[in-house]
Amino acid sequence: AVVSTQSTGAVEVDNEVFFIHKYIRDLYSDRFPELESLVLNPMDFIKTVSYLGNDLHKSRFDAESLNFLPSATVMVVSVTAATTQGKPLEEDKLKLLIEACGAAFELDEVRQNILLYVESRMAMIAPNLSRIIGT
């Protein structure tokens, strides 16, 4: 029962991250509207927005800082950022954006902890299945 409750909790966290992603996407579309079509994974999008903020200068794009993205995506984002027609965000919008990214990171950490817990209990609850899938 505890594992199924935790699994449901992970789904609820995913739903909250989805809503935060949409909020961040809407806020950031003024700054870099093309980004949402370039980085499709919600957490990767949020990490990219958090990293870039208002500064889209080419010098900020390096594979190490954006190591969660494939290098080809980093290159495309870099080139697109150099030509975007987006406008810098006002301070109040930038502050909201940073807070929303922080909330998404916290929720993602909670989700990871829930999944680790469920995974740790799988061997006790379903030992045969655990052996088959290799957990």
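Here is a walk through the structure, from its overall build down to a few single residues.

The model is predicted, so local features need pLDDT of at least 70 and side-chain atom pairs count only at pLDDT 80 or more, while totals for chains, interfaces and linings use all residues. Residues are numbered from 1 along each chain as its sequence is written, and side-chain values use heavy atoms, with hydrogens and water left out.

Let's start with the overall build. The protein has 6 helices and 0 strands, where helices (H or I, at least four residues) and strands (E, at least two) are DSSP runs numbered from the N terminus. Along the sequence that reads α-α-α-α-α-α. The C-alpha trace spans about 55 × 30 × 20 Å along its principal axes. The radius of gyration is 18 Å, whereas a compact globule of 135 residues would come out near 14 Å; the radius is taken over C-alpha atoms, and the globule rule is 2.2 Å times the number of residues to the power 0.38. Among contacts (heavy atoms within 4.5 Å) between residues at least 6 apart in sequence, 69% join residues at least 24 apart.

How much of the protein is buried? Buried residues make up 34% of the 135, with buried meaning under 20% relative accessible area, exposed over 50%, and partly exposed in between (1.4 Å probe, protein chains only).

Now for the inside. The largest nonpolar core has 32 residues, and those with the most contacts inside it are Ile-24, Tyr-28, Phe-32, Leu-35, Val-49 and Leu-97. Such a core is a set of buried Ala, Val, Leu, Ile, Met, Phe, Trp, Tyr and Cys residues joined through side-chain atoms within 4.5 Å. Helix 1 (2-28), helix 3, helix 4 and helix 5 each give two or more residues to this core, and helix 5 supplies the largest share, 8 residues. Leaving out residues up to four places away in sequence, Leu-35 touches Tyr-28, Phe-45, Thr-48, Val-49 and Val-77.

Helix 5 has 35 residues and should span 51 Å at 1.5 Å a residue; its end C-alpha atoms are 50 Å apart, which agrees. That expected span is 1.5 Å times one less than the number of residues. The buried residues of helix 5 include Leu-94, Leu-97, Cys-101 and Asp-108.

Helix 3 (residues 42-52) buries Met-43, Asp-44, Phe-45, Ile-46, Thr-48, Val-49 and Leu-52. At its start, a side-chain oxygen of Asn-41 comes within 3.0 Å of the backbone nitrogen of Met-43. After helix 3 comes Gly-53, with a positive phi near 55°.

Next, the loop between helix 4 (71-83) and helix 5 (91-125), where Thr-84 is found. Thr-84 counts as buried because its relative accessible area is 14%. A polar atom of the Thr-84 side chain lies 3.2 Å from the backbone nitrogen of Gly-86. Beyond neighbours within four places in sequence, Thr-84 is in contact with Arg-31, Phe-32, Pro-33, Glu-34 and Leu-56. Glu-90 sits in the loop between helix 4 and helix 5 too, but Glu-90 counts as exposed because its relative accessibility is 55%. Glu-90 and Arg-31 are 59 residues apart in sequence and 9.7 Å apart in space, C-alpha to C-alpha.

Finally, Met-75 lies in helix 4 and counts as exposed, at 54% relative accessibility.

Definitions and conventions. A polar contact is a pair of N or O atoms within 3.5 Å; within protein, one must be able to donate a hydrogen and the other to accept it, and residues adjacent in sequence count only if both atoms are side-chain atoms.
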